[in-house]
Amino acid sequence: MPKAGLILAALGLMGLSLNATAQSVGHITLASTTSTENSGLFDAIIPAFTEATGIEVRVVAVGTGQAFEIARRGDADALLVHDTRGEEQFVADGWASERADVMVNDFVVVGPDDDPAGIREAADVTEAFARIAEAQASFASRGDDSGTHRAELRLWESAGVEPDGAWYRELGSGMGPTLNTAAAMDAYVMADRATWVAFDNRQNLALLFEGDEALFNQYGSLLLDPGRHPHLKHDLAERWHRWLLSEEGQRAIAGFEVKGQQLFFPNASR
Amino acid sequence: MPTADNAFATALRLVLNLDPALREIVALSLQISLSAVALAALVALPLGAALALWRFPGRGAVIVVLNALMGLPPVVAGLTVYLLLSRAGPLGQFGLLFTPSAMVVAQVLLILPIIAALTRQQVEELHAEYREQLQSLGLSRLRRIPTLLWDARFGLMTVILAGFGRASAEVGAVMIVGGNIDGVTRVMTTAIVLETSKGNLPLALGLGLVLLALVTLINGAAYVVGETARRRLG
């Protein structure tokens with residue numbers, strides 16, 4: 001098939017010229033979550049890492065479920081996600097050799113300012129969720145197997161509610177699109193604080209419930225197992241992993257603010 | 001609430017300030033979509049012409065499939081290319097996933113059927129008109145392809161512009177295979193999606209207006225070139 005060969009060669013050439021502009025000394029591909037990317041955390045901390053090591057970090061921001069899948073297929077060198085149970089499973093399944101706590105932020109429950117379900121008065125988040133279900137008030141769920149979606153499902157479970165019915169809308173979207181939709185239909189929604197604080201299109205939405213320990217959102221960094229995908233840049237990825245846990249990395253995370261508010265709290269155990 | 005007003009203002013400010021990040025994104029968008037159009041046209045124009053000239057069993061089926069592929073959902077094209085280029089896929093060893101090259105491949109897959117199908121139709125009509133003349137010249141079918149393509153060039157220009165429009169407006173495929181990496185694979189459309197998800201609707205719409213202006217500019221240039229050539233040739 002000489003024609004196919006020609007096309008491939010042409011593509012290769014074009015690819016070379018295109019990629020040449022973006023090449024640096026060395027780069028890793030980091031699969032991470034939309035919450036970290038959309039809040040601007042990476043723009044704040046990656047330059048410090050790149051300056052210290054010369055390693056460029058290319059972020060592909062997706063849901064946690066998709067991030068795991070990208071890593072499983074060998075398409076990312078490093079992984080920073082927020083689903084501790086899923087992460088431990090990932091290690092147990094042999095895809096990663098190490099998992100470490102990096103930082104926490106928390107989830108908040110936002111909804112229409114007039115709060116038809118009355119969750120402002122709820123004692124804890126389980127009660128808040130139960131009240132929303134009881135009032136059959138519109139609730140917008142991520143529905144995308146992301147870390148936030150998984151955390152939300154666990155909260156419904158502990159509230160003893162099977163979320164079902166016309167009031168419960170599974171959107172299958174990222175955090176930002178879900179907030180946009182919730183704003184448009186005056187629905188309750190559980191969001192990570194980082195995306196909420198940085199979000200501009202709030203319309204009638206307000207922060208209604210926060211502070212319960214069950215809303216704790218732990219981020220973890222994973223060191224992928226070199227045995228699975230030998231071609232990955234494991235040495236560079238390990239430097240990124242170690243840097244995140246180092247004093248310098250942890251300080252960079254603590255220093256990141258949006259609208260004067262610290263959004264991520266470093267908690268690596270050293 | 002974003003209004004059309006502040007979106008226009010945002011678009012204008014972006015353009016007038018020559019925002020360096022915007023310039024980079026615009027340049028990459030053009031580079032990728034123009035490469036995709038060039039590659040797709042290189043294959044699709046002769047392919048479409050050949051399909052117009054040759055009669056073979058199953059030709060009808062090929063035409064139907066080609067026409068149907070004009071409606072290929074970008075996400076499906078993206079997912080296909082993703083699975084091919086992923087490290088776990090058959091072309092994984094080239095490491096093309098999350099690079100601009102992967103985005104070019106996905107866009108070629110999307111626009112090749114459009115250009116090929118529309119070329120087939122245009123050339124077939126032209127050939128019906130010129131058949132006797134070409135036969136009297138004793139030209140083989142293979143030799144007729146360049147002649148017919150050249151004679152159909154004004155119509156084919158529109159065909160290629162349709163391909164370019166689809167390539168530059170598409171977001172589902174390049175999002176999946178490019179990953180929307182800042183400074184590496186972020187193009188106009190994926191930047192618009194990102195700003196929308198941040199709730200920054202005026203900026204998102206502003207970027208959309210810039211994209212629209214850019215596509216209009218390219219179409220305008222093509223129109224002027226086409227008209228000038230047509231007039232000169234009488």
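User: How do the axes of H2(B) and helix H7 of chain B cross?

Analyst: When two helices pack, look at how far apart their axes are and at what angle they cross. In this predicted model, the axes of H2(B) and H7(B), the latter being residues 153-169 of chain B, come within 9 Å and cross at roughly 135 degrees. Angles over 145 degrees would count as roughly antiparallel, so this pair, H2(B) and H7(B), is oblique. The crossing of these two helices, H2(B) and H7(B), is right-handed.

User: Which residues make the contact of H2(B) with H7(B)?

Analyst: Read it one helix at a time. H2(B) brings B:Ser29, B:Ser33, B:Ala36, B:Val37, B:Ala40, B:Ala41 and B:Leu45. From H7(B) come B:Leu156, B:Ile160, B:Gly163, B:Phe164, B:Ala167 and B:Ser168. Sorted by class, the contact of H2(B) with H7(B) has nine nonpolar, four polar and no charged residues.

User: At what angle do H2(B) and H6(B) pack?

Analyst: The steps are the ones we just used. H2(B) and H6(B) have axes 10 Å apart and an angle of about 120 degrees, and they are therefore oblique to each other. H2(B) passes H6(B) in a right-handed crossing. On H2(B), the contact uses B:Leu45, B:Pro46, B:Ala49, B:Ala50 and B:Leu53; on H6(B), it uses B:Arg141, B:Arg144, B:Ile145, B:Leu148 and B:Leu149. Eight of the residues in the contact of H2(B) with H6(B) are nonpolar, none is polar and two are charged.

User: How do the axes of H5(B) and H6(B) cross?

Analyst: Helix H5 covers residues 100-136 of chain B, and helix H6 covers residues 141-151. Their axes come within 10 Å and cross at roughly 120 degrees, which makes H5(B) oblique to H6(B). The crossing of H5(B) and H6(B) is right-handed. Here B:Val123, B:Leu126, B:His127 and B:Leu134 of H5(B) meet B:Arg144, B:Leu148, B:Leu149 and B:Asp151 of H6(B). The residues of that contact, H5(B) with H6(B), are five nonpolar, one polar and two charged.

User: How many helices and strands are there in chain B?

Analyst: To see the whole chain, count its elements. Chain B has ten helices and zero strands. Its C-alpha trace spans about 65 × 50 × 30 Å along the principal axes.

User: Where does UniProt list "transmembrane region" in chain B?

Analyst: A record can be laid over the model, so that a listed stretch is compared with the computed helices. The unreviewed UniProt entry lists residues 33-54, 61-85, 97-118, 154-181 and 201-225 of chain B under that name. Take two of them in the model. Residues 97-118 of chain B are 86% helix and 0% strand, with end C-alpha atoms 30 Å apart. Residues 201-225 of chain B are 100% helix and 0% strand, and their end C-alpha atoms lie 36 Å apart.

User: Which residues of chain B does UniProt give for "domain: ABC transmembrane type-1"?

Analyst: That feature, also from an unreviewed entry, is placed by UniProt at residues 26-222 of chain B. In the model, this stretch of chain B, 26-222, is 79% helix and 0% strand, and its end C-alpha atoms are 19 Å apart.

User: How many residues of chain B are in contact with chain A?

Analyst: For an interface, count each side, then ask which elements contribute. Here 25 residues of chain B are in contact with 28 residues of chain A. On the side of chain B, the elements giving two or more residues are helix H2 (20-53), H5 and helix H9 (188-197). That side of chain B has twelve nonpolar, ten polar and three charged residues.

User: What does the domain assignment of chain A give?

Analyst: A domain may be written as more than one stretch. The assignment for chain A gives domain 1 (27-105 + 217-266) and domain 2 (106-215). Their centres, taken over C-alpha atoms, are separated by 26 Å in chain A. Within chain A, 22 residues of domain 1 are in contact with 18 residues of domain 2. The largest share of the domain 1 side, four residues, comes from H2(A). By class, the side of domain 1 of chain A that touches domain 2 has six nonpolar, 14 polar and two charged residues.

Methods:
Residues numbered from 1 in each chain as written. Chains lettered and ligands numbered in written order. Predicted model: local features only at pLDDT ≥ 70, side-chain atom pairs only at ≥ 80, totals over all residues. UniProt positions renumbered as here; feature names shortened; annotations may be inferred. Axes fitted to C-alpha atoms, helices over the stretch in contact; angles between N-to-C directions. Parallel < 35°, antiparallel > 145°, perpendicular 65-115°, else oblique. Left-handed = near helix turned anticlockwise from the far one by under 90°. Contact = placed C-beta atoms within 7 Å. Nonpolar A, V, L, I, M, F, W, Y, C, P; charged D, E, K, R; others polar. Domains from an automatic or database assignment.
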